[in-house]
Amino acid sequence: MKASDTSAETGVNAIVQVRGLSKTYDNGHQALKNIDLDIREGEILALLGPNGAGKTTLISIICGLVNASGGTVLVGGYDHVKQYRKSRELIGLVPQELALGAFELVENTVALSRGLFGKSKNPEFIQQLLENLSLGDKATSPVNRLSGGMKRRVLIAKALSHEPRVLFLDEPTAGVDVELRKDMWAVIDELRADGVTIILTTHYIEEAEAIADRVGVINAGEILVIEDKQVLMDKLGKKQLVIELREAIKTIPAELEEFNLQLCEVGNTLTYTYDIRAERTGITRLLNDVQNAGLTLKDISTSQSSLEDIFVNLVKADA
Amino acid sequence: MNFEAIKVIYSAEMRRTRNTLLQSIASPVISTCLYFVVFGSAIGSRIESVGGVSYGAFIVPGLMMLSLLTQSISNASFGIFFPKFTGTVYEVLSAPISFFEVIVGYVGAAATKSLIIGVIILITASFFVDLRIAHPFWMLAFLLMTCVAFSLFGFIIGLWADNFEKLQLVPLLVITPLVFLGGTFYSIDMLPPLWQKISLLNPLLYLISGFRWSFYEVADVNVGLSLMMTAGFLIGCLIVVWLMFRSGYKLKQ
Ligand SMILES: Nc1ncnc2c1ncn2[C@@H]1O[C@H](COP(=O)(O)OP(=O)(O)OP(=O)(O)O)[C@@H](O)[C@H]1O
Ligand SMILES: [Mg+2]
């Protein structure tokens with residue numbers, strides 16, 4: 001499946017519009033191949049992809065850290081190169097690496113970020129921001145005395161210090177414990193409620209499943225698919241019917257060959273994989289044929305593939 | 001113009017100076033005092049005056065230049081190298097700020113710091129020797145131009161360097177020898193004729209000579225030439241920085 005089938009819509013209400021974006025690094029490695037992407041205002045978009053897929057490269061180009069080799073990016077309608085002041089004002093970035101000056105105080109480093117974006121001082125706003133991120137009591141601590149999870153939140157505070165409309169979070173929950181991850185999701189949810197558009201990259205599929213509106217899968221510099229989360233799960237999701245037999249069998253009877261069943265090692269369960277989108281799932285026929293073959297059913301159950309299975313299948317197929 | 005951004009870069013850099021006040025300010029003062037004790041008093045007492053100026057007073061402009069040059073370069077180069085090294089430079093790159101504004105912030109702070117150090121050395125020196133400044137305006141002009149030019153130069157080095165060794169390379173291997181050989185501690189009249197000619201190839205000689213002229217009206221080379229060399233170096237650095245800016249040199253992949 002090619003990205004252009006689904007992602008490049010008309011782009012009318014896209015806050016970020018990426019067209020034909022490509023990047024070849026100096027060492028000749030092509031990290032992005034002709035990416036088209038529309039990010040809708042107010043959505044949470046999760047970008048999934050294995051290590052080295054090009055997620056950080058894509059974000060870095062949009063934010064101005066890396067020069068593109070080709071293609072265009074519009075943020076809020078402003079070209080990210082020609083009108084970089086306008087476009088960057090709209091963007092907040094939380095980088096993948098925990099990059100923070102060592103001795104600076106938390107409140108100072110957040111105020112610095114705000115100033116860099118041309119906004120005048122506003123200590124009350126910054127104090128409130130730190131409190132929202134449970135950093136209220138750390139305002140006057142030097143950043144090198146914070147834990148990794150706190151540093152991550154300081155980076156988020158820095159990214160939000162100038163009240164951006166689009167927030168890029170590059171693996172916001174990498175190395176963050178389960179509880180803090182839930183907190184982080186709550187923060188992201190609140191931001192969305194405020195109308196901030198959020199793009200996050202992650203390796204945790206349950207994260208995408210939990211908070212994203214749309215999911216994009218990127219591999220080897222290409223967007224394999226980008227879709228509403230639910231649609232994606234329905235569309236690409238395979239369902240499985242597991243048939244438990246009263247008596248174990250050694251081989252699958254010839255009558256059942258056309259169903260491509262899988263027999264478990266013990267020989268007492270048969271698994272049938274079918275496509276939910278198909279007009280006929282073949283279940284009725286299968287169950288009939290099972291009986292005709294003289295097998296006795298003990299139990300049947302169905303399961304639907306998770307986003308994780310979808311992801312793994314997509315990336316495998318692409319390789 | 002994003003003035004707010006210039007302001008915050010400048011003040012963050014000055015804050016860094018305040019946090020490391022001892023090494024930023026005290027170390028040049030101490031080393032200047034040492035130079036005075038060793039060269040001014042111990043050795044200088046055996047040297048007759050140079051061009052009618054006592055040796056102790058003669059070396060003051062040269063000592064100031066020595067500190068200004070090394071401090072400007074190390075402050076400015078470290079100022080931009082460190083964010084590159086720790087990765088915090090992402091913030092400057094993703095902000096709605098031009099390269100020019102970045103330079104004004106970083107180079108402005110480094111130059112300010114050097115200027116402060118220069119003044120402190122001047123005050124320190126006044127305790128040791130009888131100072132007079134014949135042309136305060138030109139003294140200030142040379143001082144400012146030097147601080148800005150070599151802070152720019154340091155910024156260029158900080159951009160270019162991708163490890164700590166390279167960061168030290170130019171100051172250690174190029175600048176320090178050139179300052180020492182550029183007449184910090186002597187007038188080139190004292191050298192054999194061949195070495196006088198060779199010394200004239202040293203650009204820093206012109207700087208030190210011009211600066212000394214603004215104090216005592218004694219100079220190794222014509223002061224107009226000194227002025228031209230200083231301004232030329234400043235313009236050269238500006239051009240290099242501008243070219244770097246156009247290519248996104250080493251900051252952007
Ligand atoms: N500065 C660089 N020079 C050369 N190649 C690079 C550079 N940065 C990234 N790459 C290469 O580009 C590809 C994409 O890297 P990128 O960092 O965008 O991946 P990613 O999807 O963010 O991976 P991860 O999940 O590990 O963060 C990788 O193959 C990487 O090796
Ligand atoms: Mg990455």
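The chat below goes through strands, salt bridges and a helix pair in a predicted model.

Colleague: What is the strand order in the open sheet of chain A?

Modeller: The order is E2-E1-E4-E5, 4 strands with antiparallel pairing.

Colleague: Which strands stand at the edges?

Modeller: E2 and E5 of chain A, the latter being residues 78-79. Each has a single partner strand, so one side of each is left without a neighbour in the sheet.

Colleague: How many bridges do E1(A) and E2(A) share?

Modeller: They pair over 7 bridges, in the antiparallel sense. Ala14(A) has Arg40(A) in E2(A) as its bridge partner, and Val16(A) stands opposite Ile39(A) in E2(A).

Colleague: Is E1(A) mostly covered or exposed?

Modeller: Mostly covered, with 8 of its 11 residues buried.

Colleague: You mentioned Arg19(A). What does Arg19(A) form a salt bridge with?

Modeller: With Asp38(A), and the closest N and O atoms are 3.2 Å apart. Arg19(A) is in strand E1 (residues 14-24) and Asp38(A) in strand E2 (residues 30-40) of chain A, so the pair ties together parts 19 residues apart in sequence.

Colleague: Is Asp38(A) buried or exposed?

Modeller: Asp38(A) is buried, at a relative accessible area of 2%. Arg19(A) is partly exposed, at 23%.

Colleague: Back to Arg40(A). Which residue forms a salt bridge with Arg40(A)?

Modeller: Asp228(A) does, with 3.5 Å between the closest N and O atoms. Asp228(A) belongs to strand E10 (residues 222-228) of chain A and Arg40(A) to strand E2 of chain A, so this pair ties together parts that are 188 residues apart in sequence.

Colleague: How exposed are Asp228(A) and Arg40(A)?

Modeller: Asp228(A) is partly exposed, with a relative accessible area of 31%. Arg40(A) is partly exposed too, with 27%.

Colleague: How many salt bridges over all chains?

Modeller: A search of the whole structure finds 15.

Colleague: Let's go to chain B. What does Lys7(B) form a salt bridge with?

Modeller: Glu4(B), with the closest N and O atoms 3.6 Å apart. Both residues lie in helix H1 (residues 3-19) of chain B, 3 residues apart, about one turn of the helix. Lys7(B) is partly exposed, with a relative accessible area of 49%, whereas Glu4(B) is buried, with 16%.

Colleague: Which residues do salt bridges with shared partners join into one network?

Modeller: Asp189(A), Arg192(A) and Asp213(A).

Colleague: New topic, helices in chain B. How do H3(B) and H6(B) cross?

Modeller: The axes of H3(B), residues 55-86, and H6(B), residues 136-160, come within 7 Å and cross at roughly 35°. The crossing is right-handed.

Colleague: Which residues meet there?

Modeller: From H3(B) they include Met64(B), Leu68(B), Ile73(B), Phe81(B) and Lys84(B). From H6(B) they include Leu143(B), Cys147(B), Phe150(B), Gly154(B) and Trp160(B).

Colleague: And what is that contact by class?

Modeller: The contact of H3(B) with H6(B) has 16 nonpolar, 6 polar and 1 charged residues.

Colleague: Chain A again. What do E12(A) and E13(A) form?

Modeller: A hairpin, with 5 residues between the strands. Gly267(A) in the turn has a positive phi of about 95°. E12(A), residues 262-263, pairs with E13(A) over 2 bridges in the antiparallel sense, and Leu263(A) stands opposite Leu270(A) in E13(A).

Colleague: Last one. Where is Asn122(A)?

Modeller: Asn122(A) is in the loop between helix H3 (106-116) and helix H4 (123-132) of chain A. Asn122(A) is partly exposed, with a relative accessible area of 25%.

Note on methods: Residues are numbered from 1 along each chain as its sequence is written. Chains are lettered from A and ligands numbered from 1 in the order in which they are written. This is a predicted model: local features need pLDDT of at least 70, side-chain atom pairs count only at pLDDT 80 or more; totals for chains, interfaces and linings use all residues. Side-chain values use heavy atoms; hydrogens and water are left out. Axes are lines fitted to C-alpha atoms, for helices over the stretch in contact, and angles run from 0 to 180 degrees between N-to-C directions. A crossing is left-handed if the near helix is turned anticlockwise from the far one by less than a right angle, and right-handed if clockwise. Contact means heavy atoms within 4.5 Å. Ala, Val, Leu, Ile, Met, Phe, Trp, Tyr, Cys and Pro count as nonpolar, Asp, Glu, Lys and Arg as charged, and the others, Gly among them, as polar. A salt bridge is a side-chain nitrogen of Lys or Arg within 4 Å of a carboxyl oxygen of Asp or Glu. Buried means under 20% relative accessible area, exposed over 50%, partly exposed in between (1.4 Å probe, protein chains only). Two strands pair if DSSP finds at least two bridges between them.
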